[in-house]
Amino acid sequence: MKRKYLLQVLFWLFVTGIMVQSGTALAANVYRVNRYGELTYYSGSPSVTIRSDTSAIYQHAFDGVRTTGFSVSSGNPYFKTIGGVLYSKDGTLLLRCPTEKTGAITIPSTVKKIAVGAFKDCSKLSRVFIPDSVKVIGEACFDNCSALRSIRISGQLEKISDDCFMGCCSLTSIVIPTSVREIGDRAFYRCQSLKNVSLPDSVNRFGNRVFTECVDLTTVRVSKNMDTIGNRSFENCTSLKTVNNTGGIEEIGNRAFYNCVNLKTMNFPDKLDRIGWQAFRNCVALGTVLIPRKTEHINKDAFMGAASRFIVDGSNPNYSSTNGMLMSESKETLIQAPAMEMGDLKIPNGTKRIMPNALVNGQYSSVSLPESITEIYRRQFKNCDKLKILYLPASLQQIKGSSYDSTNLGLDRLEKILVSEGNSAYQSVDGAVYTADGKVLAFYPYGRRGSLRLPDACKKIGNQIKENKLSSIRVSSENKYFTSVHGVLYDLRGKKIKCFPMNKKTYKIPKTLKSIDYLYRVKEDMKCKAIQVASGNKTFYSKGGVIFEKGSHTLAFYPTKKKGSYKVPVSTRYINARAFEEAHYITSLTITKNINRKGGTTYYFNRCHSLKNIDVKQGELNYISMSFSGCNKLKSISFPSNIMTTDLWGLPEGVTIRGWQNTQAKESAERAKGKFVSLGTIPPVITGGRVRKIIDKYQLCWNASRGVSGYQVYTVYNTIADLKGSGSTSCFIKDIYEYDTIYIRAYRIVKGKKVYGKAKAVSIS
């Protein structure tokens with residue numbers, strides 16, 4: 001009976017082994033042919049054999065497969081191979097080249113067509129010779145042939161298909177034969193080494209994104225028979241300087257030359273009808289732009305951040321130019337000011353409307369708006385990073401823009417905004433613009449330095465002034481809405497900060513202040529090295545220039561410019577999660593033993609650019625989470641044995657973590673591709689954790705561990721019991737409904753300090 005049972009077991013083991021092997025083979029080698037005889041999917045051996053049941057190849061059948069060669073079963077009447085390359089039986093169609101083929105390849109003269117994706121991902125192929133017999137090259141034929149440096153194209157080819165040479169980043173030049181009539185979308189997309197291109201006059205259709213991101217391309221000659229330059233055709237061609245032979249162009253597509261920062265020469269022919277959206281955006285080297293007489297449509301953002309001057313043909317019925325600015329035909333709308341024009345920009349009298357991006361990215365030092373302008377948006381001056389003075393006319397009645405578009409405008413040099421006398425809506429005080437009654441700050445000069453005085457009537461400043469370069473903000477005692485103490489603006493009672501001068505280097509919190517939330521929001525730009533607190537303040541106190549909260553003894557705020565190493569005072573019980581964020585000059589930090597778990601143990605050190613070392617001392621913390629985004633100089637972190645879980649984000653590669661075996665310190669080092677230095681081995685996990693009720697009390701029990709000095713019983717928030725001796729294996733706890741989970745861990749004394757083991761969780765619920 002036993003022998004029969006043994007044979008059955010062996011049989012099933014044998015069958016299972018065959019099934020597992022079959023399953024493994026099936027997973028590794030898949031050759032899928034549909035009912036039409038088409039190979040639709042292949043994975044497996046890089047040496048591919050086309051089976052006899054295959055009569056067609058789906059264009060994506062080998063996607064993602066690295067192939068070394070093709071062969072054909074003897075019974076297959078449809079295909080053949082030459083040198084490992086797959087062809088149709090009659091040799092007229094080249095179907096697939098192995099992706100691992102190296103060096104050069106010469107295509108046989110029998111070939112008339114190259115299939116879609118035939119050379120796709122052949123990343124080791126350096127040269128291809130295409131004979132004149134080839135009349136068709138399929139889409140994406142040479143996609144991602146990253147080593148391809150040279151190619152000879154057939155003299156019979158009529159179309160370069162979509163994606164044909166996309167990603168051929170080593171291709172330095174190409175000769176397009178006069179037989180080619182059409183160039184498809186993305187045909188040379190990201191051919192990053194291509195330097196010069198001359199399109200023959202046979203080309204009459206030119207697709208979209210044809211030469212996008214060809215970053216080395218310097219000169220292009222287009223075909224005289226082309227009427228359109230497609231959308232994004234030369235986008236991000238950052239080396240492009242000259243485009244020639246544009247006489248036949250009628251339309252320039254959207255973003256056609258976007259970010260061509262070196263484009264200097266571009267002649268607009270008389271036939272030009274349309275210039276698309278952002279067609280020449282950021283073409284900062286573009287000089288004078290001549291708009292011909294037949295141009296009917298120029299998108300309002302076509303030349304955003306581009307050109308040094310515009311001249312419109314006097315017979316153009318749709319556009320005009322004044323003082324180098326592109327205007328509507330009636331001259332009532334400013335379409336585009338020349339962004340690269342230096343000095344003073346005076347918008348012509350009679351201009352009633354300024355298009356939203358007409359001034360954006362301008363290099364002007366001053367801008368004067370004419371008396372005919374009645375409204376503007378603050379964002380219309382975005383990134384005019386050389387603008388120092390803005391003159392607003394008496395006719396201006398509205399300055400628009402929500403708090404969203406009132407900040408981050410890039411106007412770091414704007415020192416003052418002046419309003420003409422007689423303006424009934426606004427006034428200028430200390431170079432800032434307020435409503436006529438002085439109650440609302442309407443437009444702030446972001447580059448202003450020194451001191452700013454608010455009008456006595458001012459009651460609303462919004463978010464604009466948050467980005468400032470001031471050293472003080474003043475307001476008189478007559479103001480009913482704000483008060484100023486030592487150059488800092490507060491609400492009238494001094495309980496909240498309303499605006500902090502970012503260039504203020506010393507700061508003393510007054511006794512009335514109850515919240516420092518504002519300081520967290522602007523901390524990155526603060527210049528303070530130390531912050532003091534007035535003795536009468538009931539909420540905060542300071543030690544060594546660092547802010548703490550009274551009562552909880554929480555380290556609340558570490559100044560941005562405070563330099564050197566820092567040791568958290570032993571009296572500190574908690575650390576605010578963002579206390580050290582943006583502390584650009586702290587070099588090392590010691591977190592002392594009395595830091596508690598309550599209130600969270602996640603700390604952000606984002607953009608602490610000088611931070612090199614962190615040392616966490618043994619205390620109540622058993623879990624810690626830290627974020628180190630931008631801490632590229634961080635070299636080492638040390639953790640005690642009782643911190644089992646270390647959730648660390650954004651660690652720089654190569655950091656050294658010192659910790660104990662069987663904690664997560666080692667895993668954290670490995671994730672950061674750093675080094676782990678072991679400080680020793682922690683005690684084993686305790687076993688047998690359980691709870692039982694004895695009369696009216698609950699008792700927590702566990703099994704004794706050898707070689708330990710005692711046990712700690714705790715929750716996420718606090719310690720329940722600290723028991724000495726390896727035999728102390730129980731304690732009473734309060735009502736179980738106060739807990740979800742209780743943790744027990746053993747410890748032993750090493751050199752006078754407790755070394756904790758990994759915790760055992762005991763569920764109470």
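The questions and answers below cover strands, aromatic pairs and salt bridges.

Modeller: This is a predicted model, where local features need pLDDT of at least 70, side-chain atom pairs count only at pLDDT 80 or more, and totals for chains, interfaces and linings use all residues. Residues are numbered from 1 along each chain as its sequence is written, and side-chain values use heavy atoms, with hydrogens and water left out.

Biologist: What is the bridge partner of Ile275 in β25?

Modeller: Strand β23 covers residues 274-275 and runs parallel to β25, joined by 2 bridges. In β25, Ile275 has as its bridge partner Ile298.

Biologist: Which residue in the turn of the β27 and β28 hairpin has a positive phi?

Modeller: β27 (residues 319-322) pairs with β28 (residues 325-328) in the antiparallel sense, over 4 bridges. The hairpin has 2 residues between its strands, and the positive phi, about 50°, belongs to Asn323.

Biologist: How many residues apart in sequence are the parts that Tyr42 and Phe62 tie together?

Modeller: Rings of Phe, Tyr and Trp (its six-membered ring) pair if their centres lie within 6.5 Å; planes under 30 degrees apart are stacked, over 60 edge-to-face, the rest tilted. The count comes to 30 aromatic pairs. Tyr42 and Phe62 form a tilted one, 5.6 Å centre to centre with 50° between the planes. Tyr42 lies in strand β2 (residues 38-43) and Phe62 in the loop between β4 (56-57) and β5 (69-72), so the parts tied together are apart in sequence by 20 residues.

Biologist: Why is the pair of Tyr566 and Phe580 tilted?

Modeller: Tyr566 lies in strand β50 (residues 564-567), Phe580 in the loop between β51 (574-575) and β52 (586-591). Their ring centres are 6.3 Å apart, and because the planes meet at 55°, the pair is tilted.

Biologist: Is Phe580 buried or exposed?

Modeller: Buried means under 20% relative accessible area, exposed over 50%, partly exposed in between (1.4 Å probe, protein chains only). Phe580 has a relative accessible area of 2%, so Phe580 is buried.

Biologist: What is the distance from the charged end of Lys754 to the centre of the Tyr747 ring?

Modeller: A charge sits over a ring if NZ of Lys or CZ of Arg is within 6 Å of the ring centre and within 35 degrees of the ring normal. Lys697 lies over the face of Phe732, at 5.5 Å. For Lys754 over Tyr747, the distance is 4.7 Å.

Biologist: Is Asp163, the salt-bridge partner of Arg186, buried or exposed?

Modeller: A salt bridge is a side-chain nitrogen of Lys or Arg within 4 Å of a carboxyl oxygen of Asp or Glu. Arg186 and Asp163 meet at 2.5 Å, N to O. Arg186, at 28% relative accessibility, is partly exposed. Asp163 has 13%, so Asp163 counts as buried.

Biologist: Which residues do salt bridges that share partners join into one network?

Modeller: The whole structure holds 23 salt bridges. Arg51 and Asp53 make one of them, at 3.0 Å. Shared partners join into one network Arg578, Glu581, Glu582 and Arg607.

Terms used. Two strands pair if DSSP finds at least two bridges between them.
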